[in-house]
Amino acid sequence: MKKGLIKSLAVILSLNFGANAQTKSLSIEDAVKIGLKNGILLNQQKNNLELNVMQRNYNIAGLGPTLNFQSSAQRVYGNTFIQQTGHVINGKVDNAYGQLSANINLFNGFSQVNRVRQAASALDAQSFYVNRTAQDIINTVSTQYLQVLLDVELIKIANENWEALKKQLEQIKEQVNLGAKSPVDEYNQDSQAKGGEIRLIQAQINLVADKALLTQTLLLDPNDEFEVVKPDWDMNLAGEKEDLEPLFSTALKNRGDYLRALKNEESAKYGMKALKATMLPTLSMYSNIFSQYNYVYTDVNSSFDQQVKNDNLKKITGFSLYVPIFGGNQNFQNRTNYVQQKITYLNNLQLRKNAEVQVKTDVMKAYENMQLYSKWFNATVGQVKAAETALELERERYTLGATSFVEYANANRVYVQAATDKAQAEYKLLFQKVMIDYAAGTLKPEDFK
């Protein structure tokens, strides 16, 4: 069972880390472009944006008048009332008529105006959501790309450490053969070398998992092998200090999630006003033009023009006033709808306040992390130099027999940990500018060029 697992792991590692002529380089810029193109949630929200556009246009159209035309033609056998003569004819009669109707709302409590405003605000909210979703994808891809880069660097560190431990093991074996070292030292060094190999394999396993996650996010073919490329960014720019207060102001003007919450609150407020109007009187104006033509087979008929333009022509213009006084369930239904929308507005008000706090919290966190990661990186640079010097001295002393194996092994462990800390700090700081822009809502694909 163990042999099978080891063989499977070897196959996986050989596929991911072996020489492959078809391996392609994937830059952070290309990864961001692919993520924005293939992002499922982003494409779904773009589709929803089209629906919001149609809903807004639908409500705008509701502000205008309605115009309808209706016509009909029929043949009647039996009693038929002839409008132009005022008689009832029993026989065969052909009848055709047409009617043009127009209706315009003069006042309905500004219900339709508020519905237009509600739909327009909802459209703006969706636009901001699309923008923030794109930034979410950029941030996610950047974070996962960073992790893969870090995994590659940690593999490099682990591999160098393993090679050094194997080289030291060969030297100790020679010294043991010459009687200058105890066999115990050989066993201890062999254990250290195998431990270094285990750490290398663990680092490779982490890379496989993180590359798979990035592949899934970008919706790439798992069979297409790629290698990440370290961005050629200036570390000084990544760690430069920015003012906090302007970042707050910038974030509130640009963060799509906050602006979406603001527009959702606004949309709910207009929806509440529109539903309140259903409990108010409405006044509308209407106009109809009607005419028809009758042909009686057993009588003398007037001409088509005479009937349509004079005898049967009817023009109606009027006003309609509707005052809701008491309508039973309908009145209570309108009030219930209004209260429901009011609750929606109040809930969106709370969400907007929460979004504002969230924006400021994210900005503060990214700002403070920028300062701390810069200090962390600067500290690890000195730490690596000191640990590397200490390891070289301990290696020489151990070779000369002036120190114990425990002290030498501890110096090696400290150096490996220092190198790991430096790699983590470097990549964290390198991508911290991305996190600042993401928190401020100004992150764009162009930032990765």
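This is a predicted model: local features need pLDDT of at least 70, side-chain atom pairs count only at pLDDT 80 or more; totals for chains, interfaces and linings use all residues.

Me: Where do I start with a helix?

Reply: Start with the general idea. An α-helix has 3.6 residues a turn, so residues three or four places apart point the same way. Now look at α10, residues 329-400. Helix α10 has 72 residues. From first C-alpha to last, α10 reaches 99 Å, close to the 106 Å expected.

Me: Which residue takes a positive phi just after α10?

Reply: That is G401, with a phi of about 80°.

Me: In what order do the strands of the open sheet lie?

Reply: Read across the four strands: β2-β3-β5-β6, with antiparallel pairing. An edge strand pairs on one side only; here the edges are β2 (66-82) and β6 (314-322). From one strand to the next, the twist averages 20°.

Me: How many bridges join β5 to β6?

Reply: Nine, and the two strands run antiparallel. For one partner, find M285: its bridge partner in β6 is F319.

Me: How many aromatic pairs does a search of the whole structure find?

Reply: Seven. One of them joins W233 and F431. Their centres are 5.2 Å apart, with 55° between the planes, so the pair is tilted: stacked needs under 30 degrees, edge-to-face over 60. The pair links distant parts of the chain, 198 residues apart.

Me: Is W233 buried or partly exposed?

Reply: Buried means under 20% relative accessible area. W233 has 25%, so W233 counts as partly exposed. F431 has 4%, so F431 counts as buried.

Me: Which residue lies over the face of Y438?

Reply: R132, at 4.1 Å from the ring centre. Likewise, K269 lies over the face of Y270, at 5.6 Å.

Key. Residues are numbered from 1 along each chain as its sequence is written. Side-chain values use heavy atoms; hydrogens and water are left out. The expected span of a helix is 1.5 Å times one less than its number of residues. Two strands pair if DSSP finds at least two bridges between them. Axes are lines fitted to C-alpha atoms, for helices over the stretch in contact, and angles run from 0 to 180 degrees between N-to-C directions. Rings of Phe, Tyr and Trp (its six-membered ring) pair if their centres lie within 6.5 Å; planes under 30 degrees apart count as stacked, over 60 as edge-to-face and the rest as tilted. Buried means under 20% relative accessible area, exposed over 50%, partly exposed in between (1.4 Å probe, protein chains only). A charge sits over a ring if NZ of Lys or CZ of Arg is within 6 Å of the ring centre and within 35 degrees of the ring normal.
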